[in-house]
Amino acid sequence: MEMNRVLCMAVLGALAMATMLQPGTAQTAHVVGDNIGWTIPSNGAAAYSNWASGKTFNVGDILVFNFATNQHDVLRVPKASFDGCSSANAIGNAIMNGPANVTLDSAGEHYYICTFGRHCQAGQKLAITVTGNGAPAPNRPPTAPTPSTPTTPSPTSSAPCPPTADAPSPSHSTSPGVAGNTPSSPDSSSPAVVTGFLFTLASVALALFV
């Protein structure tokens with residue numbers, strides 16, 4: 001009986017582990033400026049523009065601003081304030097303690113400046129474009145069916161032709177909203193399949209040893 005209990009606990013533990021290990025959205029930490037950190041760059045604002053141009057930023061990623069406390073800060077601002085190096089209409093509060101981690105919580109344009117002295121005017125400013133994660137590609141509109149040309153009956157017969165007004169048109173045989181939408185087969189390696197397999201394994205173990 002003790003062996004049965006240990007086996008059941010092992011199976012349930014494996015099931016719990018599989019649930020916790022289900023894949024989620026990976027987060028990427030981007031160290032702003034890499035080695036130069038968050039400071040007044042020697043070549044002006046181009047330093048951070050060039051750094052951002054080689055990166056892909058997704059919702060959920062983290063910006064790491066490396067700077068010394070009381071020497072710099074980080075403030076998110078709208079584009080107008082970014083262009084004018086102003087703290088007006090700031091989005092949130094300035095982060096005064098470094099290093100600072102900023103999580104990208106929305107898609108779109110994000111702008112950051114340093115408000116110390118004339119640091120922003122000297123080039124300590126960052127503009128990035130954040131994209132959403134897992135956005136499905138837009139579906140193409142279905143192609144409308146080609147209308148069929150009605151056939152004119154031959155006048156050679158003196159007998160009246162049977163009525164054809166109620167005959168269904170071939171163009172209505174297929175719904176336009178379904179055309180071209182072939183359902184994809186489920187991924188056999190998905191977490192749902194793994195979880196289902198482990199539930200089955202647990203049921204078999206309980207049936208055999210309890």
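Me: In which sense do β3 and β5 pair, and over how many bridges?
Reply: This is a predicted model, where local features need pLDDT of at least 70, side-chain atom pairs count only at pLDDT 80 or more, and totals for chains, interfaces and linings use all residues. Residues are numbered from 1 along each chain as its sequence is written, and side-chain values use heavy atoms, with hydrogens and water left out. Strands are DSSP runs of E, at least two residues, numbered from the N terminus, and two of them pair if DSSP finds at least two bridges between them. For β3 (residues 62-65) and β5, the sense is antiparallel, over four bridges.

Me: Which residue of β5 is the bridge partner of L63?
Reply: Look across to β5 from L63. The bridge partner there is V102.

Me: What is the polar contact distance between the side chains of N58 and T131?
Reply: N58 sits in strand β2 (residues 57-58). A polar contact is a pair of N or O atoms within 3.5 Å; within protein, one must be able to donate a hydrogen and the other to accept it, and residues adjacent in sequence count only if both atoms are side-chain atoms. For the N58 and T131 side chains, the distance is 2.7 Å.

Me: How far apart are the C-alpha atoms of N58 and G108?
Reply: Along the chain, N58 and G108 are 50 residues apart. Their C-alpha atoms are separated by 9.7 Å.
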